[in-house]
Amino acid sequence: MLTWMGIVLTLGMLRLVFHWLPQYYVKASHQQCPLEEAEKILLRDQHFQWFIHDVHIITPPEDPSSRHSADVSLHQMGEVAHKPYLVVPGKQGTFKEVSQIKYFTSKKVKYIWNTASQNFVRLTSFDEDTPCSFFYTCKGLLDEDQEIRQLVYDTNEIKVRLWPIYEIVYREIVNPFYVFQLFSCLLWYFDEYWIYATCIVVMTASSLTFYVYSFRKMQTELRDKVVSHDVITVWRTGEAYVDVETEKLVPGDVIVIPPHGCVMQCDAVLVSGNCIVNESMLTGESVPVTKTPLPNPKGEEVSYSIKQHSRHTLFCGTKIIQTRYYGNEKVKAVVVRTGFSTAKGELVRAIMFPKPIDFKFNRHSYYFVLCLGGCALVGLIYTFIVMSRSGVPVGQMVIRALDIITIAVPPALPAALTIGIVYARERLKKKHIYCLSQNSINICGVINAVCFDKTGTLTEDGLDMWGVAPVENSRFQREVQDASTLPHNDDLQCCMAACHSLTVIDGDIVGDPLDLKMFESTGWELEEPGIDDTVKFDQMMPTVVRPRKPDIVTSSESVEHNTPFEVGIVRQFTFSSSLQRMSVITRKLGAANFQLYVKGSPEMIISLSKPETVPGDFSTHLHAYTRQGYRVIGVACKPLPHLTWVKAQRITRDRVEHDLDFLGLLVMENRLKRESAPVIKILRDVSIRTMMITGDNMLTALSVARDCGMIDKDAEVVLVSATYDSVSFVPEECPQQDENIMEVGEKANKKDGRRQNQYHFATTGPSFAMIRDYHSELLPRLILRGTVYARMNPDQKAQLIEHVQDVGYNVAMCGDGANDCGALKTAHTGISLSEAEASVASPFTSLQQNIKCVPTVIREGRAALVTSFGMFKYMACYSLTQFVSVMILYWLGASLTDLEFLWIDLFLLTVLGVLFGRTGAYPILVKETPPASLMSVTPLLSVFCQMTIITIIQVVSYVFITTQPWFVPFERNDEEEYDSYENHVVFVVSQFQYITLAFVFSKGAPYRNTVLSNRLLCVTFVLLTAACVYITIYPADWLVRIMELKPPPDIKFSALLVLIAVVNFFICVICEMFFVDYLFFRVLRSKVAWLRRKKREYDVIESELLADPSWPPIDRSAKAAVQARSNCLAVETTSLPTETATMTDASPQQTLTDAAPQQTLIDTGVQLADVSLLESATDDDDAPAESPDDGESARFEYSSL
């Protein structure tokens, strides 16, 4: 009650303060209580953002007359009919009945009350300890069970709420700047200063309209891209199949995947049949992936994990291309997650609730305004003292005192600060770069690190076949760049045509792009058995490949005469990342024997081949190809003379994959976009860090990094790999068997005399996760020198960018896939090269599909930031100049007239302010980034010097006119007629000062073009200066009358005032250019330690590394180098042709919850035992769950009211 009385008595101002500080509103309007009794929950996340959420209660539709056991499994509940009752998830797939459920929802995640731990926990389903065998016992749900679960889990939808326009407007106008504008305009209307007040209202309304349009457009685009509805068949208890809307799906539903595919609307685990899936929405790779049923072990139980069992999980948002099954058996899956808990839902949450960007310029702008507010307070006191002595009425005194506040703190400041941003946005639009969030443009000006995706960003999509290196008689033959010219019966060409995992869907050959390129290069054709695609499950009829121009085999000991040359693929051993290979058992038409073809990593193929078939210079050739950035695959074959058809279907791969005949090497290239290398060079030349974050393999990423110049050709690369208990650092290059590996720093010194410790780290996603969780003390050093991060999944990309930000970098991210969404949103600046999902998450979208947009965005950002910086100083000095003028005149009991105010505010300030930002960006990037802190010494010194000069000039002019023989002092009057010599001299001198300030702060190189390039501004300078000279020397009588001027009778004195203005101009320019910019900013700052820019954390880490020549602890052994190389190749070959390998190291389940801010209940300091209220962190393959985001402890403090 007292709170609302205070709100009423303060005319709503207290409620406005509570809006800015919601934690105090809740504390003032509610009583703190035990968490179990709370009606509202006060939360604060790790970014110190406050949230208030209502606690709701779910009750069952009706009270049941009978109950089951308190601990029943989901499928059991579907078998017993009962009246509706509420359930909550328990352990190992069980659900517990409860009478009611208390919950609140935060950032689209529901948290329910756990009576056992006495806290709120995140609502889950089967994500934790459910045994795999449980899913095979699910027999469908009753309709009543489905309704109960839907009460708990809500509808299966990913809803993006469109804010009503009035809500968008309200949220924006309660910004302190807009509130002050409203106050100022009301005061001006009350004081009959309506013309300028109306102008401010119009400008503010225009700005708000543009903001509402942009914000609503962004929300609409996001909603349109994520909304999806469908109808799917669900298995109900009793062998009944019904079609239901996907919005009604709940965890535990058994769904039937249609034969010709669909778009998944939930996360579900596959329990029967196979699915061919396109997971590009999550992984960025449009490679069809085969999903197989979840293992159903008969012995030891294995707990289901979405990450570990990603090859058996269908993820929301992915497209099922086709299903395959035995006979009439249906392809079934059990729903495990719905709505925002799904993989797609987590991606959308990461977009909707990104980590807030703490931009120093924005933060310091509030501090600067507070300083101006301090000046206003001094003026307020001064006004009351001066006017009270003069007997001014209290009402008028209050109006004049409040007027001082609107003079000292410019209400037009928000609009003025957006001028440069608006012009930069339009310039970017002309270059086909579209900005969704214009507030991000200024942030681009301080970018000093850029992360790039690889495929589709730095390189063209996919690989191209470069050629083959055949081997005959244990010797490499001349490379063949057109594989189709090889003899058709040559084992090398047969291997290329048969050893793959391609399949035919709707008449098109689909599969891994590498397989597809390899097969297409042979010029052969593929034919599968003439049956329905959807039942090609373990068929006994082989897939056949043959040359497009059929060959007739005319003579052979083992084939009949005049037989077409065809190769049948009898058995396929799919790719295994641990084995680093795949193989097929084939048989040529009419041949007596089966033949095995194998392809995989060159080292693995060599280890399985007969030594006498391997060329002696194998290592030399392999090294030559890999150093040029080519992808190299080894191929081999083996005859199987004693194998029968039945044995071929039963034999294990380890019994045939040995004693191979080495056939040669396949060489493929991932072509670099021609714009990539020049752009990387531009960025590195100006000391902007460049990093690659890719889902591709390590060796390809390293070769692309060298090709584009991210890593110099002769630079040292240290491969970093980690386990739970150790981290190893091994140079990339392989030594000879008996040769030690020298220190990286030593090698650099021997090569070109570079300073010690200049090297690049390269690591993979799994190793990054290990370091992040178990060796976090090494993370800053890894981040500082890390250049290539391979096999990174979507949430790891976002996590990495956060860690790069943590060491002090301002990070931009450039990518083109949906899997980059989290990283694009997490970065200070995201630049999307795609108009698909990534464009919604990214502030910038380039229609040019290359990275030329990156330096363009940075240049425009620097220009916009310098413009905002200059405009802020200009607005501050404009306010203080007018403040000084009014203070001088208030001493006399006078002031500026309304028309004088209007001339300054509307014609000088507004016109110059609008044209101030038209100056374009400087065409060349420079090393020095523009300052981003308004509270640093340089901008404060600049404002102080300019205001000192301006104040002295105004005071001198005022004193000077009082010494003239014709001077008549001003006499106070009640009519507020201010025409006097004192008013005239202060006004005419100050009008020149506003023009001078605009010129002084309109700086050019190295961030903006020269002021002369802004022709419209130059013309305006000339016209306004001419108008001011006219007003000063010989104004017309009508102008004198309406502006209430009192020109001096001596025209020479008026000319002298113009001369004073000229002197004022040159003093201000010299002071800014020589004293502030050159003498102080460049000379003194480099010599005086405390004046230098404060070292960021990455500078401190760099100093530590340079002071420690023994770090990193390089493993010198040849064995370690070989092992590191093997690890790289193990990662590399995960992208070799196979359905299952695609998801081995980059599971789409790994959600982006770390990219979305986590929340912590705060206030009483009570520690909660259960940590599940945190956003879920994704486990590594065999590791325990990750700790909360940014390594923060899983501790909950709460305030319940």
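Arg581 and Glu657 are both buried. Their side chains meet in a salt bridge, at 2.6 Å from N to O. Arg581 belongs to strand β31 (residues 581-588), while Glu657 sits in the loop between α20 (645-650) and β34 (661-669), so this pair ties together parts that are 76 residues apart in sequence.

The model is predicted. Its 1201 residues are 58% buried. The secondary structure comes to 37 helices and 44 strands. Take the contacts between residues at least 6 apart in sequence: 75% of them join residues at least 24 apart. The protein exposes about 49700 Å², and carbon and sulfur atoms supply 56% of that area.

**Salt bridges**

The count of salt bridges is 39. Three of the pairs are set out here.

| Pair | N to O distance |
|---|---|
| Asp54 and Lys40 | 2.4 Å |
| Arg581 and Glu657 | 2.6 Å |
| Lys797 and Asp820 | 2.7 Å |

Asp54 and Lys40 form a salt bridge with their closest N and O atoms 2.4 Å apart. Asp54 lies in strand β2 (residues 50-54) and Lys40 in strand β1 (residues 40-45), so the bridge ties together parts that are 14 residues apart in sequence. Asp54 is partly exposed, at 37% relative accessibility.

Lys797 and Asp820 also meet through their side chains in a salt bridge. Lys797 is in helix α26, and Asp820 is in the loop between β40 (811-815) and α27 (821-826); the pair therefore ties together parts that are 23 residues apart in sequence. Is Lys797 buried or exposed? Lys797 has 0% relative accessibility and counts as buried. Asp820 also has 0% relative accessibility and counts as buried.

Salt bridges also link up into a network, which joins Asp464, Lys517, Glu669 and Arg671.

**Helix α24**

Helix α24 covers residues 765-774. Eight of its ten residues are buried, so the helix is largely enclosed by the rest of the structure. The buried set is Gly765, Ser767, Phe768, Ala769, Met770, Ile771, Arg772 and Asp773.

**Loops and surface**

Thr897 lies in the loop between α29 (853-892) and α30 (898-916). Its relative accessible area is 2%, so Thr897 counts as buried. Leaving out residues up to four places away in sequence, Thr897 touches Tyr978, Asn983, Met1043 and Glu1044.

Asp974 is in another setting: the loop between α31 (937-962) and α32 (981-1001). At 75% relative accessibility, Asp974 is exposed, because the cut-off for that class is over 50%. Asp974, Glu975, Glu977 and Asp979 form a negative surface patch.

Trp4 is found in helix α1 (residues 2-9). Its relative accessible area of 47% makes Trp4 partly exposed. Ten residues along the chain from Trp4 is Leu14, and their C-alpha atoms are separated by 9.0 Å.

Conventions. Residues are numbered from 1 along each chain as its sequence is written. This is a predicted model: local features need pLDDT of at least 70, side-chain atom pairs count only at pLDDT 80 or more; totals for chains, interfaces and linings use all residues. Side-chain values use heavy atoms; hydrogens and water are left out. Patches are made of residues with over 30% relative accessible area and no salt bridge: like charges are joined within 9 Å, nonpolar side chains (Val, Leu, Ile, Met, Phe, Trp, Tyr) within 5 Å. Accessible areas come from the Shrake-Rupley method with a 1.4 Å probe; for residues, only the protein chains shown count as cover. A salt bridge is a side-chain nitrogen of Lys or Arg within 4 Å of a carboxyl oxygen of Asp or Glu. Lys and Arg count as positive and Asp and Glu as negative; His and the chain ends are not counted. The place of a charge is taken as NZ of Lys, CZ of Arg, CG of Asp or CD of Glu. Helices (H or I, at least four residues) and strands (E, at least two) are DSSP runs, numbered from the N terminus. Buried means under 20% relative accessible area, exposed over 50%, partly exposed in between (1.4 Å probe, protein chains only). Contact means heavy atoms within 4.5 Å.
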